[in-house]
Amino acid sequence: MSENSSLSRRTFLKSGVILTAGAQVAGMYPFSIPAVGATDDAADRLYELFKNPPTTAKPFVRWWWNGDRLSADEILRELDLMRDAGIGGVEINPILFPGGPDLGIPSLPWLSQEWIDMVKVALKGAAERGIICDIIVGSGWPFGAEILEGDDRSQLMTLTSRKISGPEKVSIKTEELVNDAKPRVHAYKGATNELYAIALAPVSMEKFVAPTWVPFDGNSPSIEVDVPAGEHILYALVKCTGFQAVINGAPGAAGPVLNHYSKEATEKFLNRMSDALFPQIKDLKGFRALFCDSMELEGANWCPDFLEEFKRRRGYDIKPYLPFILFKVGSMGSKVAGGEITKLTGEAQDAVSRARYDFYTTCMAIITDRFLITYTKWCNEHGFKSRMQPYGNEFHPLEASLPIDIPECETWIWGRSNNQDNSTYIDFVNNNSATNVNKYVASAVHLSGKKICSCEEITNTTYVFRTTLEQVKICGDQSNLSGVNHSILHGFNYSPLEVPFPGWIRYGTFFNERNTWWPYFKQWSAYKARLSALLQETEAFADIAVLHPLADMWTLHGPQRDPFPGLQYPPYQYKVWEAIHKNGNACDYTCESIIQKSKAENGALKYGTRSYNTLLLLEVETIQPATAKALAKFVAKGGKLVFVAKEPYKSPGLVNHVKNDKAVAKTIAAMKKAHPQRIFTVAAPQDDIVAWWGALQKQCDIKPYMNIDRPNKCVSQIRHRAPGKDIFFLSNASQNERFQLKISFPDTKGVPQLWDAETGERRPLPADKVMSIDLPPATSQLIVFEESDIRPLIGVAPVPTSEDLLKLSGWTMRLEHIDGDVQTRDIDEPFDLSRNAATRSFAGTVYYEKKLDNVRGYSMVDLGKVEGVSEAWLDDVPLGVHWYGRHLYALHGDASGKTLKIKVITVVGNYIKALPQNHAHGWVRSGGWAPMGLIGPVQLIGHGPLIAY
């Protein structure tokens, strides 16, 4: 027997890898793959970083300073808590007080001397504890403050419209028009709304005709309109200044939102913070980065020089098109349905659509030049990095991340309700927790050569207090699969212990010492830190680039409010990347400007370090002539082009569009004629998008780097590379299904190893062409191929496929509630505590005990379904801890006559739901009861002999 096939029972239980092609699932069996011994640090820096992750790889938290009701002692106490839990950094985030008992603690206004003193305490305390500090600029989101005045405040051009008939003279109250046009947003009470223009337009229009502008006296209480004969649409354009209030702003940084279209206003706002705060912290370690939260500008689209700036950039006057482009604005900048508008057809519809594209791309360009670039420059000038969530109606979803030092995206927990049984649950499989912007932001990080893709992670407004550590893991894994490698948890609430349970809660997944599973949180944070260290220090692989039909969407519908778009165009657009990865490929998103700047050679489209051999266009009909030429060159140089459902044939924008349309159509046609073997047009996906991509791989001869015998919607993967190493991360998003897959890596060299992100250990695997992988619910695996002297595992003999199962019944259950109550009862079988009226509102620790009789030959116990964290003992001998996945414990010999003890930690959400007077009850008022406890069935497992060779 070789050294590589020696057995170590306990370690193997964590591996989950079948050891040889055709062998059974190793994660079920009580033996181990031996760990690889120590290596030379200099020669294997990556593994050393994985084993002992640096602070930069540990999870950070958004540290909500609730209402800025602060004390130095509490700041330091919470820093200790976070350090001890494995948290590597904090983002100081002043925010509106969430309610609940305030204990008479006063709020410290943003940038007041008292508030700055608390920032200094936090900076000094964090440095002493090895914790990294970021800070949000201002408070809440978007940027704003009470001190903003006039045009420094956000501006919106909106409208209202109605049908009128003539000939007659119509009188309309000015106030009526203005009030009807006012946006339905997070309104600032001090907004000024003024009638900007009145226009008359036809009821219908086939060929574009500019509207008739009606003169009016803005100071008059009413306007008088001489209406010509026939029916007309009257448009009233209203300019709203200071229309939006900062969302959840703390004192001193609440009030109106900044005008992000103004460089002068932006600099004035930013300098107020740097002038007041930065001189006072110059002797401290300072911040790593300055943060800009959600860019929810609620439709802001104007600045004093917008018309002039548009004409300079686009070459024509946009004003005649405004009545047909603008709309009445609702929540988050959405379009309010209804209202009388001109029916556009033919040339008129085309002209307005093209002008709409020009209007919105001009908004994006102005805000990039005047805000995004200005912000990063300001951060860098003061020695800090910029960190930002640069997406929304006013931003290009990919290009906006390029000038940001640390771009950030979002991954959410989404609770769902089952009205039939009044339960609540999370469906990670059909509703990916990674939002639609993640892949855009991650792709921008890859394309710009940056190292860090940050993410506001585990954001939670629908499953607060009910989220388990297993669900935190699945959500975090999905974040990593989308391209994220730096977690900013959402979040840690500043809350003194004196505040009644559960404390001050602004938002979040209750990352807090009062959470029942907090003592186990460090197990997840250690896992996450190792995974992040590996992903941060290696390069994400992708050989497919995906181009979305952004120009088509903006032309027809305008931009969407990312990360929660009201429209997906096409409807499946954000599922395509998932299907690609679930079939063993990997992709980046791209955009027209990147394609135009890329170099085509040797069958690849190259940009920086990125190289793609396949370019996928999702129902793209509109592209710039320069993009069409770049596509043609790519195909001519051996690249593969796949059109999904539609092909490009026209150009965006109004100026020279006839000439540009012809150029696009001509280039695409010539390209197809010259290289038909490398250009494919495929049907759009229908129901099963994973199967669709699998079929497309065969149709278009797209080779996966990972062959998966049974691709499915639950299991996904990514690939990273480093010198001498090829790294694969697989994860199962299902909370209920287990997958046993056969996979192969046709182009990968080196010795395969299993890197365990929980322990930091690594173990060799068999160097077989086909590897079998066991992925129980919520489980992930890291497989690393390394060109080294490490010998592969020789193998393990196949073992029987059947399991001898013995179901256990007859238990004593003891419930220790967090409120101090203790109850003991005898039960036949464990059950979901939320399904029983007597236990539904429980929160705390449940102990299950049973004496085992005549169980010789059974080597393991499988707890079945567990909603929570479990620990197990045989008599007083600990068997281990499981906080996710399969709760499987080795019994270590004959357990006959011994007592099996199981401890399960539940969530606290159901308890708070049963406390309608609690100040945090609003978070759990909606939705049903969350499942919790040991649900089972609990079964003993017996196996035949295992023989290593």
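This is a predicted model: local features need pLDDT of at least 70, side-chain atom pairs count only at pLDDT 80 or more; totals for chains, interfaces and linings use all residues.

How far is the sulfur of C475 from the closest cysteine sulfur, and in which residue does that sulfur lie?

Analyst: The closest cysteine sulfur to that of C475 belongs to C455, at 7.8 Å. A disulfide here requires sulfur atoms within 2.5 Å, so this distance is too far for a bond. C475 is buried, with 0% relative accessibility. By the same cut-off, the count of disulfides is zero.

As for the packing, the largest nonpolar core has 175 residues, and W63, W65, W115, L277 and F287 have the most contacts inside it. Helix α9, residues 346–381, gives the most to this core, with 14 residues. Leaving aside residues up to four places away in sequence, L277 touches L111, W115, I116, V119, I135 and F287. A second, separate core has 61 residues, among them M364, L398, V620 and M671.

Aromatic rings also pair, and the structure holds 50 such pairs. One of them joins Y375 and W378, tilted at 35 degrees between the planes and 6.2 Å centre to centre. These two residues are three apart in helix α9, so about one helical turn separates them. Y375 is buried at 0% relative accessibility, and W378 is buried at 4%. F501 and F510 pair edge-to-face, with 80 degrees between the planes and 6.4 Å between centres. Here F501 is partly exposed, at 22% relative accessible area, whereas F510 is buried at 2%.

Technical notes. Residues are numbered from 1 along each chain as its sequence is written. Side-chain values use heavy atoms; hydrogens and water are left out. A nonpolar core is a set of buried Ala, Val, Leu, Ile, Met, Phe, Trp, Tyr and Cys residues joined through side-chain atoms within 4.5 Å. Buried means under 20% relative accessible area, exposed over 50%, partly exposed in between (1.4 Å probe, protein chains only). Helices (H or I, at least four residues) and strands (E, at least two) are DSSP runs, numbered from the N terminus. Contact means heavy atoms within 4.5 Å. Rings of Phe, Tyr and Trp (its six-membered ring) pair if their centres lie within 6.5 Å; planes under 30 degrees apart count as stacked, over 60 as edge-to-face and the rest as tilted.
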